[in-house]
Each structure stands twice: as C-alpha cells, then as structure tokens.
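We will go from one selection to the next, with a short note at each stop.

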Amino acid sequence: MAAHDPSKQGLLGSTSTEHHADYSSDSDDNNINVNTTPEHPTRRQKQQRSRRTQRTNPILPSFQPLPTRKSWLARRTRCCLIFAAFGLIIFVILLVVGGLGYKAALQEPPYGLSPPWYPSPKGGIAGTWYESYQKAAKLVSKMTLAEKVNITTGVGWQMGLAVGTTAPAVHVGFPALQLQDGPLGIRNADNITAFPAGITVGATWNRQLMYARGKAHAIEARSKGVNAILGPCVGPLGRMPAGGRNWEGFGSDPYLQGIAGAETIKGIQSEGVMATVKHFIANEQEHFRQPWEWGLPNAISSNVDDRAMHELYAWPFGDAVKAGVASVMCSYNMVNNSYACGNSKLLNGILKDELGFQGFVMSDWLAQRAGVSTALAGLDTTMPGDGLRWANGKSLWGKELSKAVLNGSVPVERMDDMATRVVAAWYQMGQDNEEKWPRDKGPNFSSWTNEKMGVVSPGSPTEQETVVVNQFVDVQANHSVIARQVAAEGTVLLKNEGPVLPLSRVGLRKRQNANNTFGRVKIGIFSEDAGSMPGGPNSCPDRGCNQGTLGSGWGSGAVEFPYLVTPVEALRKQFDSLKVELHEHLSNQLPFSPSEKAVVDDLDLCLVFVNADAGEGFTAWENVRGDRPDLFLQKNGDALIQEVAARCGGGFSDVVVVIHAVGPVVMERWIDLPQIKAVVFANLPGEESGNALVDVLFGNVNPSGHLPFTIGKSLEDYGPGGQVLYLPNGVVPQQDFSEGLYIDYRWFDKKGITPRFEFGYGLSYTSFELGNATAKTIRPKSALPFPRLDALVEPPTYSTDIPPVEEVLWPEGDKEIRKLDKYIYPYLSADEAHNAVSTRKGGKKYPYPDGYDTPQPLSQAGGDEGGNPELWAVYAKVTVEVRNTGKVAGAVVPQLYLSYPESRKESANGTVQVDFPIKVLRGFDKIYLEPGKSAKVEFNLTRRDLSYWNVEVQNWVMIMEGEYTFHVGQSSRDLPVSVTW
C-alpha cells in the first residue's frame, strides 16, 4: 500500500482508525475482512518476473592434480548434499515469506484516514417523512427477526426475476422488492424505451426535460413491476474525462449533476417508484474499482480531502437527498482506505447525519466487503445478497445477520432502523396502494432469459417449476417523443462556418460551377457510425462493443434497444431523392479504393460520422477496458475525417462531422482543416438517434445543447487529476485526489489553459444578447447558518430486547418451506441459534471498531432532509435580460457563475488565504424565444450556493468581507455580463 503523507491537510480523518473486523458466533469466516480467492480466473494474466543470475568462474591454480574416481564421487556427493540443503532452506524461506505475503495481500489495508462515526443515525427526523415512518414503525414492530433480515438482504444473484430482489415479510404483508437497472431505461427488459444517456440529458440544460425523462422512465418501471430504479447516476462526477462510466451521469460539474439528478429523482418518484441515486462516492474510474475484477485482492482507494468531498463529490448527493430520494447506493471502491459501503464517516456522518438522508443505503452488487461492521457503519440493504463471491449463496448478512443480532454484535435498534428505513421508503412512495402495486405480482419480465417460459430462480440448481416469466408487456406508450426531444436538445453544435447548417432537403451545391456538374446534388455519408450494427443493436451483451452507430455506452447502465434509428436511415428519408443523390460508405476502412476515390472526388457535401465508446469495467472491447485509454476517436475516426476532408469534391467541398461519444474527444488533428465547416456533438442519443439528429441538421429543431464537460486539446490539459490510474501502484491502488477542487473547467481556469471548446459551450442557428443584470439581497449575509435545532420529529423507538431464537428457526411442520440451493435465507438451525445465544451469554464480545463507543457530535450542517434548512434559503437573486437578436426562434441557456471574494481564515497553521476556483457554476435556465423577443431570467442563490466548506469549522461558511461577483453568459468563457453583491 502506498504510504500517505501525515502532513496532508483536510483528509477525511485523523490519526484515529476505523477497523472493520467481523465476527459471528457460528460463521465459517470469523474474520470477514479476509478476501477469498476469485471464483473465476482474472482476465489479466499476472506478469511473471524472472531474475537472471550470473555464475562467476573461480580463479583456478596453475596446477591441480587429477582427482581419483573415489574422491570425485565423494566430492560430488558433498556438493549434492550441500545443494539439496541450500535448496531446502530457500524453499522453506519462500514458503514462509510467500505464505505471509499471500496472507498480507489478502488483508485489507489499515483504516487510517477515515475517522469513525457512530452510532448510525436513526431515520425519521424529517417532517416530510413523518407519516411514512409512523406507518413503518407499526409494521416493523410486528415483524419477526427473520422478516427484518429478509427485507434487508437480497435473495442472491439470479434468484429472482429482477437484477435485485429482497424476500418478503409475509406475516405482515410486506412484499418482496424488485430492483432494476438502470439510469437510462429498464435493463434486460423487452418493449421498453431506450432513453438518451445521462450525459445527453445534462447537455440539454433543460430542467423540464430532466424531470419528464425521469417520469416516463418510472411509468415504464411500474408497468413492468419494478419497485426501485437503480438510478440516476451522479457519481462518477467526471473527474477523469476518460472514465468509463461518466456517460451515465450528467456532466463534470457538481451543480449541474445535482440539478439534473434532483429533477430526475422528482420525476421518477412522482410515479411512486423509488429512485436510487448512485454511486456514493468518489468512484471515478473503472480500473481496480472492486476486488479481483482486475486481479488485485483489494479495490482502489480514492483519497479525497474534506473540502473537495463536500464541494464536489457529495454536492449532487445533497441535492438528491433534498429531493427526497428513497435510496442511495454505495460504491465498490474504498474512500480514504475504507470501503465505501463500510465507511462510517461517509454513511453515518455525512450521508445520514449531515445530509439528513431518510431512506435506505443499498450496496452496489457485491460492494459489501464485511458483515457486522457494515451494518454498524450505516449500510441498510445488501445486494444482490451474495457476499464476497458471485452466485455462491453465501451472504455476509442473511443468516449471519440473524446470528449477529442474537449474539448481540448488531444492536437490535440498528436492525430495527435498517428495516424501518426500507419500509418507510415503501410507504413514502405510496407502494402500499394495492391498486397501483398489486401484492401478488412481481416483475412481468425476466432479466435472465428472452423465452416466455422459465424458472423464477435460475441461479439455483434446485429443480423448479417452469412458469411464464416473460409476459412481453409493451410499456413504451409515446415515450419515444420524450426520447427524441432529449436527444435533439442534447445535441451540441460546436462549429458552423458559412453557415453550412442547417441543411436543405434539396442539398447544397457549392461546386456546380467549378466542376460543371448538373443533375442531382451528390452527398456522401461516411463511417459505420452512420449505419446499423451487424446482427442488430443488441447483438453484443450489455452493448459491450462499438459496432454500428453508437447509441449508448456499455454495462449495467445500458438497455436492450427496442429499435435504434440510425443516422443513415433518417437521412435517406429527409433528403429529397429527386434532388439529392446519396452515396453511402458505411465503413471506416482506409484507404479508399480507386472507384471509391472517384466517387468521393465528385461529391458536393460529405457527412462523416465518428465515435468513442466506453463502459463498465466488467466488459472490455478491444483496448477499452471500461475506461478509455485515451481521448482520441475510435475505429480510425481521425484518419477517416482527414481523408474525407482531403478528397471530398477534390478537397473543395464542405464536410460536416457528427460525433457520438461517451465524453470529450480530442479533435486537434482535423478541427481547423478548412474543409471542416461544421461539427455536431450528438453525445449518446438512444433509440431515436437518427431522427433527433436530422431534426437538428435540417433546422426542424434549433440546436440548444451545451457541453456538460470541457473539450481540451489533449488529455494532459486536464491535469494530473484527470488521468486514469491504468497500472496499480500497490496491492491496494492509491489514487490521491490532490487537485482538490480543480477538475474540468476549474482546472483549465486555474492554469490558464485554453480549451478547444469550454464547459457550457454550444452554438445556435440564431443569436442571443444578454444584459441589464441586477443583484438583489433577499437575506442579509451571515457567516454561519442558524445553529442546528432539535429534531422536530422523533424517530421511532422499539424494544431493545434481543428477540427469541424461535423467530429465526427454520419453519417446520405445516409452515415448512421448500429450500432452494444458493437461495439466501434468514433462518438458523437450532444448533446455530443456540451457539449464537451461548456466545452472548458467555461474554464473548464482538471487536467493535475503534471509536464505536464514543458517540459523535451532530453536525451543525445537518438537522433535516438535505441538511440544515438554512442552507437552502435564498440569500440573493440575480436578474438578467435575454434577447433573441437573430432571425429564427430558438432556446437560449443563460448560465450564472460565481466568483468568491478574497477571504482569510484561521487554521492550524495560523491565518491563511482561502483558496477558491476562479468561478463555479451556480445557476442556469433554458428559455425559448421568438426572433426579436426578450425575457427576464432570475437566478436564486441559496446559502449553500454562496458558501464554502470550512474544514476547521466543519460547516458551510459564507464570506462576510468583500463582494461576490456573478457572471452571466452562454458558456464558462463567454460571460459578457457581471454584477457584484
């Protein structure tokens, strides 16, 4: 493990340690922190290192008598014995050292940078959840221990029809909950909508569309029998532009991510479906994200300082909690050398106390790495139920949690709070309404087969009844309209010289006089990204390859396309075939053949489609192992653009480049070529790809998308913090977020780096003018928010008595159940239950983490759902006038950026200057204007917007001296209007 500099300031921790060992009285794994060997071979072979030893020749005397045969044999015997003894010694040393090294390799590192935060705060302190908690308390009080364990432990991988399933609490009428990926649609399901990806939604900068997409998604989920959607995704934030799953989120800024995430959550939960915001937290790359996936026994540790954690990575989760999100998914990685799903500072301290989260914390699939300690640290539900290995039916909870409650390791009140949080979220969504949520109906589709008939638990080898598992219910309704609108508004126009766009249905002929060509206009369409994938858009599992046009990234965040409209299909329909002659070269192969060259040389306009793909780390495509290895276009895209530009119409015709990508791409090889007149960044458009694109290309929709990230001129432009750790730097890979607050445009601003296209950039077919900015004080400034008030609502209370063992014994007699192998049950045998109780009565105590017996003071930044209510109070209002000065109607995206006044603070090193980014996004809106029309746009700035996280004070602090400056414009570097406050 890489050493840490103890002088590094502001890390989430101190010299105190948080040790997560686990014990249960009758467990096969008394030390649950020892990782086991992988069930499957790793995909990357371990490099073998060998050392060459040089044999030195002894100096021989000038004369030596010839040995006799006897003396030679004796000498050889002695040599053999010496060699054998030496070999034995070396073997023993290697055995001992190797064994110790192997054992050490399997051990988690010491928890030295993440301080303990205990006990886990109880849910039920927010008035917005009061009724739900009252109902939940009544129900949970009637549950047996087995039922409480049932609703907090998944039943195992492929043990239900959804990707995640809990068991029911039958006696009280609480159903099994069905959890399903993902952020852009219902994964592994038929007849659903493949919405545009999160990054495309972020590029719309349209709050109404963010909400509408979430609402449509939830309607489909409920109609498919899904209780909880595993989305939206606001982590990764996009620290590294090549990060494999950035596309699932909304952009590389915490404010944009927060607004988009919150609006999506509101849309989802307006339909009574639970939203699950993920991945909490600092899961910024795919390489080494979880143990054994990359051949290492431990996951990467994201080492984040306290201020960056609050102002960047936790910021959008704060918006999600304020929006009332039902569930938060903790991530695979470590944070400051403690696994995120067992990190009490993160789950108990920041999420549940400081942010006031009222729902339940759910692990990512196999992200739980310990048993008792994760319950104490704030985990409420484990998924999919299996523990350290996939699909082996051995849970870290399940019956082990039953034992831990009986032997006193997990306090009864913690168990009750876990169950209550789950049930309260169910009531909060109105899922007790049996008209909308029939109790006897689970999902009407199977995540594991496309066949109509199958078994409910295909992960079990136990023989089961064959039943209907796929009912093929069509839930798409008219949601393609929303999908198309999001894709169109999420398309960003980066360049438009001439302007060459919008196109005409009859084409564009600039070369007619030059080459004396008459008849139809000749237009070329280039690259496989314009066409379909051989075998259809779903031919690669989880969309894990880059073939045909790119509609989404790959992994658990992808879905089965019901259809995918390719660009070439839509272009064929849009162009007037009587006026336009299309030439399609749907390949990236170079060089062109002689006949192809002749065709290209005679074209009037060329459209080149290129892309860059990435996805989740469990799948690799060519050299893309989750994270992209670079920011260049894939599949020879740069060379194809250069070749087409050089040859299109003999090098004199215009070229339009269309990019589908998971994130920024470097364009320096071709962006300034004189033939490249227009560049369209279409992000990941989903099923309506081609239709949405022609809407923009032909002017049916005026482009209004803006970049949700910075496009630099090189990967190096993003700084050290923007680089993926591709090779491990230790048994536990260490990734220090040493750049602090400076990611994406903040880094570019700090270092004075000129990007190719800045964050927030986007062109239109019209023009807009901003002016007349004013700033108004709503509340007078004060350094700190009001002190935290006592909870207006008290959480439920239960008996703390340990329940009788009868509550968790295997049912017998007429209550006996048919056991499925590998299915995770909460039940114990009589001997197991007896041993658990005996352990407690015998005085054997669980080795609680350091600091467990020292209750932490409540955060002054907390107190309600979303934190201290004062943080959400509006303190300033900025108004600006926007006018459409062009000739066509269009939508403008005014963006407000804040610059902090200079400030000093007291620290351990005396009075120091507070470091601030040059500017940060703190507001945006989207306004549609007819030509010549104007409108006033208002930005409300909250205390949280105006504050920074003071590590010493451990609170959000507003600066009293000096003036804030508010900049308003159409991108992070086009800010013509400013006003002070």
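A disulfide here is a pair of cysteine sulfur atoms within 2.5 Å. By that rule the count is three disulfides. What you have open is a predicted model, in which local features need pLDDT of at least 70, side-chain atom pairs count only at pLDDT 80 or more, and totals for chains, interfaces and linings use all residues. Residues are numbered from 1 along each chain as its sequence is written, and side-chain values use heavy atoms, with hydrogens and water left out.

Select cysteine 330 and cysteine 341, whose sulfur atoms are bonded at 2.0 Å. Look along the S-S bond: the torsion is about 110°, so this disulfide is right-handed. Cysteine 330 sits in strand β6 (residues 327-330), while cysteine 341 is in the loop between β8 (338-339) and α9 (344-354), so the bond ties together parts that are eleven residues apart in sequence. Helices (H or I, at least four residues) and strands (E, at least two) are DSSP runs, numbered from the N terminus.

Now colour by accessibility. Buried means under 20% relative accessible area, exposed over 50%, and partly exposed in between (1.4 Å probe, protein chains only). Cysteine 330 is buried at 0%, and cysteine 341 is buried at 1%.

Move on to cysteine 540 and cysteine 545, joined with an S to S distance of 1.9 Å. The angle about their S-S bond is 95°, and the link is right-handed. Both cysteine 540 and cysteine 545 are buried.

Next, pick cysteine 606 and cysteine 648, with sulfur atoms 2.1 Å apart. Their link is right-handed too, with 100° about the S-S bond. This pair connects distant parts of the chain, 42 residues apart: cysteine 606 belongs to strand β15 (residues 605-612), and cysteine 648 to the loop between α17 (637-647) and β16 (654-661). Both cysteine 606 and cysteine 648 are buried.

With bonded cysteines counted along the chain, which pattern do the disulfides follow? The pattern is 1-2, 3-4, 5-6.

**Last stop: proline 931**

Finally, select proline 931, in the loop between β26 (927-929) and β27 (934-942). Proline 931 is partly exposed, at 34% relative accessibility. Show its surroundings: leaving aside neighbours within four places in sequence, proline 931 is in contact (heavy atoms within 4.5 Å) with Asn884, Gly886, Lys887, Val888 and Ala889.
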